[in-house]
Amino acid sequence: MEYKGDLNEAKALIGAIDRSNAIIEFTVDGEIIDANAMFLQCMGYTIDEIRGKHHRIFVEPKFAVSSQYTEFWDMLKKGTFCASDYMRLAKGGREVWLQATYNPVLGADGKVLKVIKLATEVTNQKLSSANATGKIDAVEKSMAVIEFNTDGSIIRANDLFLDRMGYEAHEIEGKHHRMFVDKEFAASQAYAQFWADLAQGKFNRGRFERFDKAGESVWLEATYSPIFDPNGKPVKIVKFAYDITAQVRQGEALEAALAEAQEAEKMRNELDRAVQEMSTPVTPIWEGILLLPLVGVLDSMRTSDIMNKSLSMISEMRAKVFVLDISGVATVDTAVANQLIKITKATRLMGCEAIVSGLSPAIARTIVELGVNVEAIRTTATLRDAFEKALVMVGESLIGKKANDTDAHKVK
Amino acid sequence: MSVNSKVAITKTQGVIVVTMHPDLDTDDFNAMCEAVLTQIVKSDIKAVILDFSAVDVLNLTEFNRARAFLNSVYLLGAETAIVSLSAGIVVYLTEVQAETQGTNYFFGLDEALQRFGKGESG
């Protein structure tokens with residue numbers, strides 16, 4: 001651009017540039033001629049400290065002796081314009097980043113008279129950018145990353161993503177995200193809403209099931225993060241993901257095992273309950289009469305169950321007579337006899353009379369020989385006798401009972 | 001008739017019904033005993049019924065105390081009964097081998113009154 005204004009305008013223009021830029025002038029050999037206030041403030045020097053010194057005071061000593069640095073000044077001497085972000089050293093060795101242009105000033109003969117450097121300090125932006133870049137690099141190295149346009153078409157994916165999903169970059173770029181989901185979901189309203197929300201800038205995170213190139217299920221713990229332009233408009237979506245397929249499979253296996261264990265536990269409980277029910281079949285056989293036919297071996301746990309079940313049934317049915325038939329009990333020893341006495345005593349405390357039926361002659365002798373207090377229990381030889389007696393106790397009687405029936409049972 | 005708020009004593013059909021309450025202390029129990037025994041001596045009482053329907057927990061000492069009182073009642077010529085013992089109390093008394101002879105037991109008050117109330121043979 002060639003300036004065509006008058007001298008006053010030129011001075012005003014130079015003043016404006018001077019106020020808004022850090023400016024320093026060098027000889028073609030790099031010696032400092034002058035610098036403006038902004039440059040001096042930026043670098044922490046006074047003009048007297050730098051005037052006449054070489055530009056190399058602003059660069060690292062190693063760089064100052066390098067061929068690269070020599071070439072840099074050779075180019076300027078030849079009139080080549082240079083512009084870039086430069087790291088320079090301020091007073092005391094403080095690093096300063098300058099976005100600068102080195103402008104050779106040519107004389108009427110076309111030779112370079114001097115070099116003017118116009119600069120803006122960008123240290124903070126540079127550090128911030130480096131910080132962000134470092135973070136992005138770290139994420140890219142540790143996570144699967146894929147970027148989409150807001151319509152779901154794929155911009156790029158990193159190597160981790162490509163490796164996990166089994167694709168080459170060219171196989172996915174430009175295609176839609178739906179290539180990673182099953183067809184049914186891709187056609188659903190939920191999927192359309194998923195992308196509509198992202199396009200509106202809504203963040204999404206969770207566990208997502210996706211499918212790799214071979215069609216195998218892949219579980220990703222992922223975030224879909226909309227990226228906004230300076231006006232706040234979403235311009236793309238970045239997905240950061242971890243592969244959690246192994247954990248999900250492990251969880252599924254664990255859940256299946258747990259469900260199996262719970263089912264087995266349930267079955268076992270039902271079986272236990274059924275066995276318990278079968279082992280203590282307290283049955284109402286008449287109004288006010290309960291019958292418990294005992295079969296098998298009696299131990300303390302079963303006797304305890306019998307007592308609890310019997311008392312509950314007596315309470316529930318308001319039974320007046322409880323018939324305990326032991327004709328199916330294999331052996332009656334002292335412990336069993338005492339348990340039977342306990343049950344009869346307990347039923348009596350509930351206001352219910354107990355009759356123990358089904359005593360064989362051998363068991364009767366055994367009970368006597370064991371020294372059990374037989375006064376405390378009401379017994380009959382057969383269940384029929386017990387039932388007949390129970391009917392009498394509740395105010396009923398058997399019609400058609402033979403007159404010469406002998407009462408073989410003993411009633412206390 | 002009531003000795004205090006913890007013991008309700010009711011006379012019906014010639015029978016005294018004592019409604020036992022939980023946590024009855026010795027003084028209250030003794031006051032109840034005295035009131036019931038005095039009543040037996042003064043009037044024609046056929047039976048005394050201790051109703052435990054409001055008692056969920058009963059230890060052996062409390063049970064023996066009640067039985068001793070009923071033995072006193074028996075000596076004064078009245079029948080005795082304990083009604084509405086819960087299944088839990090019954091199991092406990094059986095396990096601790098409590099002495100339970102010497103009185104009558106009924107499932108509920110109705111059965112006891114049916115047995116001992118006026119007009120019944122007892």
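Domain bounds here come from an automatic or database domain assignment. I note at the outset that the model is predicted.

**Chain A, domains.** I looked up the division of chain A and found domain 1 (7-127), domain 2 (143-243) and domain 3 (280-393). I then took the C-alpha centres of domain 2 and domain 3 of chain A, which lie 75 Å apart.

**Ile237(A).** I located Ile237(A) in strand β10 of chain A, residues 234-243. I recorded a relative accessibility of 0% for Ile237(A), which therefore counts as buried, the cut-off being under 20%. Setting aside neighbours within four places in sequence, I listed the contacts of Ile237(A), among them Ile146(A), Phe148(A), Trp195(A), Leu198(A) and Tyr224(A). For Tyr224(A) I also checked the separation from Ile237(A): 13 residues in sequence, and 6.3 Å in space from C-alpha to C-alpha.

**Thr80(B).** I turned to chain B and placed Thr80(B) in strand β5, residues 79-83. Is Thr80(B) buried or exposed? I found Thr80(B) to be buried, because its relative accessible area is 2%. I noted a polar contact of 2.8 Å between the side chains of Thr80(B) and Thr103(B). Beyond four places in sequence, I found Thr80(B) in contact with residues including Val48(B), Leu70(B), Tyr74(B), Thr103(B) and Phe116(B).

**Helix α4 of chain B.** I followed Phe116(B) to helix α4 of chain B, residues 109-116, where the buried residues are Glu111(B), Ala112(B), Leu113(B) and Phe116(B). I looked up what covers these buried residues and found that the cover includes β2 (7-12), β3 (15-19), β4 (47-51), β5 and β6 (104-106) of chain B.

Note on methods:
Residues are numbered from 1 along each chain as its sequence is written. Chains are lettered from A and ligands numbered from 1 in the order in which they are written. This is a predicted model: local features need pLDDT of at least 70, side-chain atom pairs count only at pLDDT 80 or more; totals for chains, interfaces and linings use all residues. Side-chain values use heavy atoms; hydrogens and water are left out. Helices (H or I, at least four residues) and strands (E, at least two) are DSSP runs, numbered from the N terminus. Buried means under 20% relative accessible area, exposed over 50%, partly exposed in between (1.4 Å probe, protein chains only). A polar contact is a pair of N or O atoms within 3.5 Å; within protein, one must be able to donate a hydrogen and the other to accept it, and residues adjacent in sequence count only if both atoms are side-chain atoms. Contact means heavy atoms within 4.5 Å.
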